[in-house]
Amino acid sequence: ARARTRALAEHTYEHRMRTLLATILVHEQDRIAAARGVRSFGDARAQVHGSKPLADFLAGFPEDAPLTLDAIVRDVVGRTGPLADEEAIFLFLHQFQELYLSEALV
């Protein structure tokens, strides 16, 4: 019972994600800041290297449209048929942002 109580208090998915985000932010802050130069889907396509599926996915958006996770998710949700891996990843990132990042930033 003590072990279960401790696991629930210290070792949940939320704890792991907070640790992961903190680690990424500390170790990758320069790279993250540099990536903020990506403003449009065209910018993103120009920087995609080695991922044809991702480049093809991004090609479905207008070149000068602002690159936002919300725009991608709106598009994915409006599609029919099975999800491509890239679509599923963006949906996961959006859900993660909604559930954990907004709470962590408060």
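The exercises below work through a predicted model of one protein chain.

Residues are numbered from 1 along each chain as its sequence is written. Because the model is predicted, local features need pLDDT of at least 70, side-chain atom pairs count only at pLDDT 80 or more, and totals for chains, interfaces and linings use all residues, while side-chain values use heavy atoms, without hydrogens and water.

**Exercise 1. Confidence and secondary structure**

Find how many helices and strands the chain has, and state where confidence is lowest and highest.

Solution.
- Step 1. Helices (H or I, at least four residues) and strands (E, at least two) are DSSP runs, numbered from the N terminus. The chain has seven helices and zero strands. Read from the N terminus, the order is α-α-α-α-α-α-α.
- Step 2. Confidence is given as pLDDT, the predictor's value for each residue, from 0 to 100. Its mean over the chain is 81, and 81% of the residues reach 70 or more.
- Step 3. Helix H3 (residues 29–35) has the lowest confidence, at a mean of 62. Helix H6 (residues 69–77) has the highest, at 91.

**Exercise 2. The core**

Determine which residues make up the largest nonpolar core, and which element gives the largest share of this core.

Solution.
- Step 1. Buried means under 20% relative accessible area, exposed means over 50%, and partly exposed lies in between (1.4 Å probe, protein chains only). The chain has 106 residues, and 20% of them count as buried.
- Step 2. A nonpolar core is a set of buried Ala, Val, Leu, Ile, Met, Phe, Trp, Tyr and Cys residues joined through side-chain atoms within 4.5 Å. The largest one has 10 residues: Phe 41, Ala 44, Phe 57, Leu 58, Phe 61, Ala 65, Ala 71, Ile 72, Val 76 and Phe 90.
- Step 3. Two or more residues of this core come from each of helix H4 (41–47), helix H5 (52–58) and H6. H6 gives the largest share, three residues.
- Step 4. Take Val 76 as a core member. Contact means heavy atoms within 4.5 Å. Not counting residues up to four places away in sequence, Val 76 touches Phe 57, Leu 83, Glu 87 and Leu 91.

**Exercise 3. Salt bridges**

Find how many salt bridges the whole structure holds, and describe the pairs of Glu 63, Lys 52 and Asp 75.

Solution.
- Step 1. Side chains of opposite charge can pair when their charged atoms come close. A salt bridge is counted when a side-chain nitrogen of Lys or Arg is within 4 Å of a carboxyl oxygen of Asp or Glu. The search finds five of them.
- Step 2. Glu 63 pairs with Arg 45, with 2.4 Å between the closest N and O atoms. Glu 63 is in the loop between H5 and H6 and Arg 45 is in helix H4, so this pair ties together parts 18 residues apart in sequence. Arg 45 counts as buried because its relative accessibility is 18%.
- Step 3. Lys 52 pairs with Asp 56 at 2.9 Å, N to O. Both lie in helix H5, four residues apart, which is about one turn of the helix. Lys 52 is exposed because its relative accessibility is 59%, and Asp 56 is partly exposed at 45%.
- Step 4. Asp 75 pairs with Arg 79 at 2.5 Å, N to O. Asp 75 is partly exposed at 28%, and Arg 79 is partly exposed at 34%. Asp 75, Arg 79 and Glu 87 are linked in a network of salt bridges.

**Exercise 4. A surface patch and a buried histidine**

Name the residues of the nonpolar patch on the surface, and decide whether His 94 counts as buried or exposed.

Solution.
- Step 1. Patches are made of residues with over 30% relative accessible area and no salt bridge; like charges are joined within 9 Å, and nonpolar side chains (Val, Leu, Ile, Met, Phe, Trp, Tyr) within 5 Å. Areas come from the Shrake-Rupley method with a 1.4 Å probe, and for residues only the protein chains shown count as cover.
- Step 2. Tyr 13, Ile 89, Phe 92 and Leu 93 form the patch, with about 390 Å² of accessible area together. Helix H7 (residues 85–104) gives the largest share, three residues.
- Step 3. Tyr 13 is in helix H2 (residues 13–27) and is partly exposed at 43%. Apart from neighbours within four places in sequence, Tyr 13 contacts Phe 92 and Tyr 100.
- Step 4. His 94 lies in helix H7. His 94 counts as buried because its relative accessibility is 17%. Leaving aside neighbours within four places in sequence, His 94 is in contact with Leu 69, Asp 70 and Val 73.
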